Amino acid sequence: MITNNFASRHNGVQNEAEMQKMLDIIGVKSLDELIDKTIPEKIRFKDSLRLPKGMNEYEYLTHLKAVAAKNKTYKSYIGQGYYGTILPAVLQRNILENPGWYTSYTPYQAEISQGRLEALFTFQTMISSMTALPIANCSLLDEATAAAECMLMFYASRSRQQQKDNVSKFFVEENCYSQTIAVLKTRALPRNIKIVIGKADMSLDNTYFGALLQYPDKSGEVCDYTKFVSDAKGKGIFVAVATDLMSLALLTPPGEWGADAVCGSAQRFGTPMGFGGPSAGFMSCKEDFKRNIPGRIIGLTIDAQGNQAYRLALQTREQHIKREKATSNICTAQALVAILAGQYAAWHGQSGIKAIAEDIRCLAGLLAKEAKNYGYTQLNGIFFDTVRFSTPIAASKVCEYAVKNEMNFNLIDDNTISISLDETTSLDDVNAILNVLAMACSKQHSIKAECNGCCVDALPNNIARKTPFLHHEIFNKYHSETDMMRYLKKLEVKDLSLNRAMIPLGSCTMKLNAAAEMIPFTWAEFANIHPFVPAEQAQGYLDMIEDMNRWLCEITGFYKISFQPNSGAAGEYAGLTTIRNYQAARGQGHRNLCLIPASAHGTNPASAAMAGMDIIVVKSTEEGEVDIEDLKAKAIENKDRLSCLMITYPSTHGVFEEGIIDIIKIIHDNGGLVYMDGANMNAQIGLTSPGYMGADVCHLNLHKSFAMPHGGGGPGVGPIGVSEKLADYLPSHPVIDLETKGNAVASSPYGSAQLLVITYGYLLMMGGEGLTAATRYAILNANYMRARLENHYNILYKGKQGMCAHEFILDCNQFSLSSGIQCIDIAKRLMDYGFHAPTVAFPVHGTLMVEPTESEPLSEMDRLCDALIQIRQDVCDIEEGRADKINNVIKNAPHTMQVVCSDTWDKPYTREKAAFALPHDDKYWAACGRVDDAYGDRNLVCTCQ
């Protein structure tokens with residue numbers, strides 16, 4: 001068998017002739033010489049990575065089947081926010097397993113993102129309709145973090161008088177999920193918010209600014225909170241409700257009884273449990289919060305031709321853009337699984353969702369009724385899917401019997417269990433449960449229970465939902481598989497994903513997501529595991545996580561990895577919280593100052609603010625590097641309260657800074673720690689590492705450097721690696737003991753664990769040599785494109801020997817003065833060539849940041865270079881008066897098929913120049929003309945009407 005050949009398939013440059021051509025253009029003799037001129041010698045590894053040899057795809061998939069077999073897919077009745085669900089095959093095949101959906105990027109470029117924008121708009125509409133509130137965002141990370149976002153949104157929205165009076169108490173009903181309470185405590189501490197846990201029958205006073213309720217609560221009880229909410233509202237206290245979307249098909253939605261915000265998880269709308277994730281957290285709210293709600297909102301607008309189009313609405317209210325003034329640090333969310341949940345609702349419609357909910361409740365009622373025969377007392381007065389039993393014997397013994405019969409119950413205390421049913425539960429399953437309950441009491445379940453009609457009392461009038469939901473056309477149109485399949489294809493082809501063209505986004509690392517890495521993601525052995533099962537039922541997952549911990553420690557130079565953070569920004573927050581917990585344990589809780597370079601991504605200062613830190617910005621030099629003298633002066637001046645430095649390496653400017661060792665030493669000498677942002681890890685792997693350079697903490701974007709797809713804006717995973725002294729302070733979890741002392745940062749102990757199988761495959765198939773080669777090719781590709789373009793564009797920053805790292809910046813600022821062309825105009829014109837633009841206006845205003853990654857073939861890199869060179873010539877035509885400054889091929893871009901094929905053509909250039917400026921055998925047409933951002937913000941519409 002030919003082995004270890006995966007890396008050659010992953011890397012785009014395929015032969016020595018291509019490589020030599022690229023090296024000649026760059027002006028170096030070998031790839032080794034290029035690396036020597038790019039990465040400072042003093043931070044370079046002396047030895048190779050000590051990782052296994054790479055596997056081929058067949059070897060890997062065979063190996064993974066053995067790993068998966070260690071996971072035991074018992075029936076889960078644990079509940080607590082995670083449920084079995086039936087993923088419709090039409091959605092599994094056409095969305096979740098489709099690279100047209102999972103390889104796309106966050107839809108900042110609206111004209112080439114209309115498909116997923118429409119799908120996310122559907123998700124928002126579904127959330128708004130189910131919760132009865134007018135505004136919804138297009139996903140958050142999970143239920144616990146969504147609840148925390150509600151709390152922080154309320155805190156930021158306090159009245160002036162409340163702020164003056166330092167009103168800082170937040171009430172949490174004691175029957176909220178344990179993981180939610182844990183994350184709330186984590187987020188509250190650095191903001192000096194006091195969490196008060198109690199029963200909803202207590203009356204709050206004016207020292208509270210907000211409250212959180214669970215509906216239904218963690219025991220399954222459905223409570224009438226109307227009196228509590230009315231009382232709170234009368235005192236100016238905001239109320240959020242964490243809810244179960246499926247239950248709202250039958251229960252009065254919180255928006256109808258006064259809730260200001262509703263949050264939760266859309267997991268049971270078609271998303272597998274996946275050992276904890278990913279699943280789409282959600283938040284809806286009243287209109288009052290539309291400029292404060294965290295995350296992204298999709299809104300309607302019009303394009304240049306006056307046609308309806310979708311876009312990211314109110315982009316300036318995205319919190320991470322506000323840097324240290326942010327009230328949230330969220331960036332990546334859960335777009336792909338949010339799309340899945342929205343289309344699950346479209347597939348079933350109101351009648352289908354209601355039928356599922358009624359079936360679940362009916363079976364729960366039958367279980368409650370029949371269990372009485374064996375001495376079990378059902379304790380919930382009103383319930384949806386969860387029955388809570390007082391057990392006639394020790395509750396732990398009942399749970400043991402359940403495990404022996406390949407099912408899991410939720411153990412509450414010595415005498416109480418709960419059993420949560422879901423849409424996968426059948427009548428046979430209920431009888432199997434009853435058989436276990438009987439056997440546990442030495443009785444026999446001899447007469448099969450039958451569900452003749454509904455086996456549960458009607459919901460009380462004050463609890464039952466009376467208003468329709470999902471009445472919009474989208475939820476009533478695609479109920480045959482043919483219709484749904486074609487609708488999803490129609491959406492897919494509107495978007496530009498990696499299966500059509502390269503996406504050269506700097507700092508985003510849009511590399512190949514190989515099919516062999518993706519195939520196991522939907523295997524039942526990984527998809528259908530509850531995050532709170534006993535360890536012996538998840539041994540495959542735990543072995544995989546331990547292997548990844550060991551390998552990523554080798555790659556990063558750290559001692560231990562936490563996989564709990566479920567995005568890069570969440571990793572930043574988790575890393576900073578780990579630092580603060582370590583320092584507090586050493587009696588240095590007063591250290592609350594974070595130094596951040598001016599070039600940092602907005603999530604850095606936003607995360608530091610979330611962690612309760614004061615922020616001082618460090619200047620950049622004219623060469624784009626950290627001003628070491630400024631850093632040193634600020635570190636010395638603030639040494640008594642210096643907590644840490646956050647720094648990206650290579651820098652956000654795409655350069656390996658020569659002074660990184662000195663920078664780290666300055667921080668350590670002044671009592672601080674170094675947090676290295678791992679956004680650019682794709683230029684380090686196998687050649688250097690954060691730990692090798694002396695950093696203390698680093699987060700990794702598995703959805704960048706380690707081959708997870710971006711999913712159109714998530715899901716992602718942002719694990720953090722730490723040095724040995726910090727290991728005890730990594731995130732913990734209230735349900736699963738992780739043997740750490742830190743704070744929970746996500747709902748599940750291992751975050752979005754189901755995604756880890758993708759990176760596991762990447763690591764195993766690439767092997768140590770393959771991973772190192774990928775880094776070398778990433779640097780080669782970037783420098784080749786830099787060299788091809790530097791005679792046409794000003795390359796803003798380079799290293800000491802004229803090289804860039806894995807990305808580089810094209811300065812377009814001069815075009816604004818000479819021709820009126822902005823970098824955003826170039827971005828739109830690239831759509832006519834079939835490209836997604838490089839990163840626009842970050843990290844420097846008026847620039848484009850290009851990152852080709854190692855996966856792109858030479859032909860595609862040349863195609864992009866040719867397009868950019870042609871666009872530069874078009875700018876020259878404007879500069880020299882051959883083209884009009886306003887009515888030109890760049891300002892009018894993108895050119896849609898409708899415009900180009902219209903009977904009338906009034907442009908001062910040809911249709912061919914508009915649409916076919918360079919030959920290409922796979923013409924991509926933007927789905928709409930340039931969107932009108934201002935119109936969309938003036939006329940905010942974020943749900944179907």
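Which elements do the buried residues of α26 pack against? They pack against α25 (813-818), β25 (839-840), β26 (847-850), α27 (858-879) and α29 (911-915).

This is a predicted model: local features need pLDDT of at least 70, side-chain atom pairs need pLDDT 80 or more, and totals for chains, interfaces and linings use all residues. Residues are numbered from 1 along each chain as its sequence is written, and side-chain values use heavy atoms, without hydrogens or water.

**Helix α26.** Nine of the 10 residues of α26 (residues 823-832) are buried, so the helix is largely enclosed by the rest of the structure. Buried means under 20% relative accessible area, with a 1.4 Å probe and protein chains only. Among the buried residues are C823, L830 and M831. G834 follows α26, with a positive phi near 85 degrees.

**Two cores.** A nonpolar core is a set of buried Ala, Val, Leu, Ile, Met, Phe, Trp, Tyr and Cys residues joined through side-chain atoms within 4.5 Å.

| Core | Residues in core | Including |
|---|---|---|
| Largest | 253 residues | M126, F409, I419, L437 |
| Another, apart from it | 67 residues | L141, A148, Y155, A188 |

F409 touches Y77, V398 and I433, among others, not counting residues up to four places away in sequence. Contact means heavy atoms within 4.5 Å.

**A helix pair.** α21 (residues 628-637) and α22 (residues 660-669) pack at about 10 degrees, with axes 9 Å apart. That makes α21 roughly parallel to α22, a term for angles under 35 degrees. Their contact holds six nonpolar residues, no polar and one charged.

Notes:
Axes fitted to C-alpha atoms, helices over the stretch in contact; angles between N-to-C directions. Helix = DSSP H or I, 4+ residues; strand = E, 2+ residues; numbered from the N terminus. Parallel < 35°, antiparallel > 145°, perpendicular 65-115°, else oblique. Nonpolar A, V, L, I, M, F, W, Y, C, P; charged D, E, K, R; others polar. Buried < 20%, exposed > 50% of the residue type's maximum accessible area, 1.4 Å probe, protein only.
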